[in-house]
Amino acid sequence: MNPNITRGSRTYGLLAYLYGPGRHNEHTDPHLVGSWDGFAPDPGRDPEATVKHLATVLDLRVKQAGDRAPTKHVWHCSVRTAPEDRHLTDEEWNLVARRILHDVGIARENDPDTCRWVAVRHADDHIHIAATLVRGDLRRARIDRDWPKAQAACRSLEKQLGLRRLNPGDGTAAKRATAAERRKAARTGRPEAPRDTLRTAVRQALASAETETEFLRRLRDAGLRVKLRQAPSGDILGYAVALPGDRTADHQPVWFSGSTLAPDLSLPKMRARLDPDDPAAPPATIDAPAGSSRPAIERRRTATAVEETLAALRGDDDQAAADLVGMGEVLDALAATSAPSTRAELLTAARTFERATRSHVHAERAERRALRTAAHGIIRAGTALGRGEDGGTTAIVLSTLVLATLAAARWHNARGHAQQAAAARQAADHLRAAALKAGATPMEALRREGQQLPTPDRRRHHTTIRTVLPNATTEPHPQHPMNALAATLATAAAAGHDPQELLQQAMDLRELDTVKNIEDVLVWRIHRLADLPTDAERRGRTAERRTPNHAAGRINVPTIDGSRQQRPGR
């Protein structure tokens, strides 16, 4: 059950909409399900009642208060149930309206001077509550934190009425696009509201920047309009961004400040992440296989850095909170440099996990230097666009991120951060899907390689697989069961590893109970644990060798029309 609250000054205009046909003739049988005294005129049921009559009755105390009445005296709250919920009766909707109004403080039970209100139903799944904010004693209604109070009331009502129970929030979420913003986006042919497009662009620019100047330059490179708020001394006090072509009725750009897009995108928060006195950690030292491209090397470094966060998510809160922010930057960097096959899933994963990066547990910024360095490395290396990408190393880092996001979900869940935990779990689902797409081509190569192993070797490795995974022969390709995993174990054995011990170690990393493609997961875990070369690394078919030299070190910059442009990584 989701409440949406707005304020206004036109009681008649709101009621005319509620009792009218709707913007797309979607309103059916509009009528009252409740009112402040139970006797308000109902234009939907009483042929002698009119909308104007109802508006006059609601506005009575407002008129009597005169200049003492608030300018925006109309409080409007729509309350909608989830699509899978049953349809509530009119009596149940009356209960919903009264509970919300009581908890918010507009109309408390047994208060003879309560504000006047009505609840209108014109659809099966929602109602609209309209109240005027002048009490019977002509004092203004005292409303404080009405939205969180309405949310809390809805959480209680969901339990009482047996509805889908949503996760309670903690006030740290980014503001969602308003209904007006979504309607405007639909009219102008945009795939989403400008607020959402701008939030993603700003996050990707921040993930790739090392200085404030570079951050602002990357915003402009992405095609955004940038406006700075400056002091008389010339110091920058704030910034705002806008999409070209997104204008008000007065033909002025629609500006969004960083703090309007998300709490952690304000200028002070951004500067804390770009603090020049807190230098980035040096890149992790890894033994990259010969033939690795620079994007592949940076993805392996990132997998190492992400792996180190798993310990933090089981320990100190401050460090864990900082590493969650760093993981969000890594996801932003991967989404900005992704190949077309994984772009949609990675962008969705980054946007979803963004909710998991904020809570009331404050981060120590020094602790996330390694992950920021990893994000910078990904951006600087860019990617060879299209089929030249090394899907194997991308699958390696994504499979590691799946473990980290699920660990983040457990961390949030243990602290009662329900929305953040749900966001982390959803991000893990998108990362799994992206890993499958990224690893599809190298997995096919590994399956062919496994089929071509000498018969004694293939039987030995399949015996190892059946020992550790008794049901392996039925999952997921019966015609060549676990041949990719067998080929991976053969490569590991040739590198001096114990195949059974390595496979058991990969199994012990958890999170396999809900995995549908267990072979893919284990293959890339073993590649990570044993630092095995991917097919592209072994064959030398890297992105940089398939594209002209000038394409290396470039990234995909999202433009305002949804297309991608290549821009230098430096």
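I count a contact when heavy atoms lie within 4.5 Å. The model is predicted, so I keep local features only at pLDDT of at least 70 and side-chain atom pairs only at pLDDT 80 or more, while totals for chains, interfaces and linings use all residues. Residues are numbered from 1 along each chain as its sequence is written, and side-chain values use heavy atoms, without hydrogens and water.

**Whole chain**

I looked up the secondary structure and found 23 helices and 10 strands. Both are DSSP runs numbered from the N terminus: helices are H or I with at least four residues, strands are E with at least two. The chain has 570 residues, and 53% of them are buried. Buried means under 20% relative accessible area, with a 1.4 Å probe and protein chains only. Among contacts with a separation of 6 or more, 72% join residues 24 or more positions apart.

**Helices α18 and α19**

I turned to α18 (residues 455–468) and α19 (residues 483–494). Their axes lie 9 Å apart, at an angle of about 105 degrees. Axes are lines fitted to C-alpha atoms over the stretch in contact, and angles run from 0 to 180 degrees between N-to-C directions. That makes α18 roughly perpendicular to α19 (65 to 115 degrees). From α18, R458, H461, H462, T464 and I465 take part. They meet N483, L485, A486, L489, A490 and A493 of α19.

**Residue E92**

I found E92 in helix α4 (residues 90–104). Its relative accessible area is 18%, so E92 is buried. Leaving out residues up to four places away in sequence, E92 touches R86 and L161.

Note on methods: Buried means under 20% relative accessible area, exposed over 50%, partly exposed in between (1.4 Å probe, protein chains only). Angles under 35 degrees count as roughly parallel, over 145 as roughly antiparallel, 65 to 115 as roughly perpendicular and the rest as oblique.
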